[in-house]
Amino acid sequence: MREKAKAIAKKHGYLPYMIERYLSLWGEEETLQFIDACERPIRTAIRVNTLRTSIDETIARLDKKGVNLERVPWLEEGFYAEFANVSSGALFEHLLGFYYVQGIPSMSVVRTLDPKPGEIVFDLAAAPGGKTTHIAQLMNNEGMLIAIEQDKKRVSTLVGNIHRCGVTNTLVLRGDAKKISTLEIVPDRILLDAPCSGEGLIPIDPTRKTSKTMADIRYCATKQDELLEAAISSLRPGGTIVYSTCSIAPEENEIVIDDLLSKHPEVKIVPIGLEFGVPAYTKPYGLMLDESIALARRFLPHIHGLEGFFICKMVKEE
Amino acid sequence: MPVELVDPVEWSKIRETIDDEFGPGTTQGLRGNLAPVVIRSEQSNSYYLIPMVWMKQLEIQLQDFEVRSIGIWLGDRVKEQFRVGLPVIEKLGRLTRNRIIVSRRGAESFTYGRSILKESLVKIPNGLRRGQKVVVYNEEGDCLGLASLTVDYDRVDRLQPDRLVAKNLTDIGLYIRYY
């Protein structure tokens with residue numbers, strides 16, 4: 001398999017270790033389908049921001065400007081969008097916060113979290129703010145959303161997007177999300193869209209074919225473990241946590257979750273509650289993981305025509 | 001940087017500034033039943049409006065975190081000068097009569113940070129004076145930002161089309177130019 005992986009990697013410009021893993025996960029035919037899908041562009045999508053305006057008004061205004069919209073079946077506010085000759089960020093409607101240019105998987109993450117008005121919600125790696133502003137939208141600006149970001153530059157972008165989208169129920173904190181327990185606030189829900197190796201973003205960023213090593217993936221997995229541990233510790237008993245990454249690597253997804261479940265029997269995976277994606281893997285690379293991990297979902301470029309993503313919803317039992 | 005309630009003396013100065021610029025009662029209209037708080041830094045004081053019930057939550061330990069934004073950003077005070085924040089300008093526009101409307105071309109130019117020329121001005125209420133701050137709208141009724149008049153209302157008609165009418169103070173284009 002190693003020689004075959006090397007040959008495929010060389011032909012398509014990937015690092016061999018990546019192809020070796022794909023062959024182990026999917027076999028040759030599906031690996032080639034994946035590689036082929038990663039050469040095709042991902043369709044632009046927008047989320048209509050109902051904090052600013054109605055879905056109908058945004059559709060009407062964008063229609064007048066020649067933007068073609070197509071509904072996403074499981075996302076009331078999500079649309080595939082063809083902007084024709086204009087940049088998606090250049091329209092007045094964008095500046096006014098009527099919509100947010102956002103990937104379908106990212107919108108699906110927040111819909112999976114299902115935040116409610118009046119709750120206390122943590123968003124632990126919040127920049128640039130697509131998911132934060134979506135959470136506030138579903139909370140109808142009621143309750144308290146605590147958005148945490150460590151990176152100084154990215155936190156400015158986060159604040160800008162919060163202001164543009166008319167979000168008013170958010171406390172933005174710059175700092176290390178691993179220290180959230182020091183806040184002594186007990187959230188009802190937590191979104192951990194964890195920093196990751198970005199292995200699902202190859203269709204958007206072809207440099208990812210060669211930019212990360214296996215050591216990078218292991219490093220990310222360690223950070224993800226630590227963040228999840230901190231998140232679970234601070235979550236209210238009975239509360240909900242959604243863990244997601246834009247990586248297709250089981251090492252950053254299913255294996256991280258399996259490790260968490262073994263350490264925290266009070267944490268259970270629950271169904272996503274929406275119809276999208278394919279079940280997460282319970283036997284990646286021949287490992288035998290917790291069967292409930294199949295309740296988590298994956299988006300894959302060669303199956304869904306979207307960036308690769310992993311979404312897992314869990315509750316902390318009372 | 002802790003979040004503190006704004007003390008009454010400091011708040012009255014802010015209220016005077018906003019009400020002087022946009023009309024009596026504007027500040028109370030912006031504030032509603034929210035609590036004004038301040039985050040102080042070496043460069044500026046940033047003022048926000050938050051629900052009263054958050055005050056208890058803010059008695060939290062923040063030593064490991066820096067507060068970068070909270071609730072509604074009302075504005076900043078830099079070197080004793082208070083400037084309203086972009087997020088409140090839309091509401092400000094509903095509370096004041098200091099509103100001007102600009103043409104499509106003028107609106108595009110304004111959201112690139114440029115000031116407003118006579119030829120772009122579609123509507124201006126009478127009685128406004130030079131230096132007065134005005135909320136800027138396009139012809140569709142979208143709030144675009146804030147400008148300062150460079151000429152009295154009475155003199156606008158006498159201006160040539162290419163003369164400046166209002167200087168850009170802030171606009172929604174900042175969301176992509178700055179952030």
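How much area is buried between chain A and chain B, and what share of it do carbon and sulfur atoms give? In this predicted model, the area buried between the two chains is about 2,900 Å², and carbon and sulfur atoms account for 65% of that area. Chain A brings 36 residues to the contact, while chain B brings 30 residues. On the side of chain A, A:Phe92, A:Leu95 and A:His163 together supply 23% of the area that this chain buries against chain B, which is more than any other three residues supply.

**The second largest pocket**

The second largest pocket, with a volume of about 990 Å³, is lined by 32 residues, and those nearest its centre are B:Ser46, B:Trp73, B:Asp76, B:Tyr178 and B:Tyr179. Both chains give elements to this lining: two or more residues come from each of helix H7 (152–164) of chain A and, in chain B, helix H1 (8–22), S2, strand S3 (45–50), strand S4 (65–70), strand S5 (72–78), S6 and strand S12 (164–171). H7(A) gives the most, with four residues. The lining divides by class as follows.

| Class of lining residue | Number in the second largest pocket |
|---|---|
| Nonpolar | 15 residues |
| Polar | nine residues |

**The sheets of chain B**

Strands of a sheet pair through backbone hydrogen bonds, either parallel or antiparallel. An open sheet of five strands in chain B runs in the order S1-S2-S3-S5-S6, with antiparallel pairing. Strand S1 (3–5) and strand S6 (81–84) of chain B each have a single partner strand and stand at the edges, so one side of each is left without a neighbour in the sheet. From one strand to the next, the twist in this sheet averages 30°. The antiparallel pairing of S1(B) with strand S2 (residues 35–40) of chain B extends over three bridges, and B:Leu5 stands opposite B:Val37 in S2(B).

Another open sheet of chain B has six strands in the order S8-S12-S11-S10-S7-S9, and its pairing is mixed. Which strands stand at its edges? They are strand S8 (116–117) and strand S9 (121–123) of chain B, and because each has a single partner strand, one side of each is left without a neighbour in the sheet. Strand S7 (residues 99–102) and strand S10 (residues 133–137) of chain B pair in the parallel sense over three bridges, with B:Val135 in S10(B) as the bridge partner of B:Arg99.

Notes: Residues are numbered from 1 along each chain as its sequence is written. Chains are lettered from A and ligands numbered from 1 in the order in which they are written. This is a predicted model: local features need pLDDT of at least 70, side-chain atom pairs count only at pLDDT 80 or more; totals for chains, interfaces and linings use all residues. Side-chain values use heavy atoms; hydrogens and water are left out. Two strands pair if DSSP finds at least two bridges between them. Axes are lines fitted to C-alpha atoms, for helices over the stretch in contact, and angles run from 0 to 180 degrees between N-to-C directions. On a 1 Å grid over the protein atoms alone, a cavity is a set of points where a 1.4 Å probe fits but cannot get out, and a pocket is an open set with protein on both sides within 12 Å along at least five of seven lines; lining residues have an atom within 4 Å of a point. Grid points are joined across faces, edges and corners, and a volume is the space filled by probe spheres set on the points. Ala, Val, Leu, Ile, Met, Phe, Trp, Tyr, Cys and Pro count as nonpolar, Asp, Glu, Lys and Arg as charged, and the others, Gly among them, as polar. Contact means heavy atoms within 4.5 Å. Buried area is the accessible area (1.4 Å probe) that two parts lose on being put together, summed over both.
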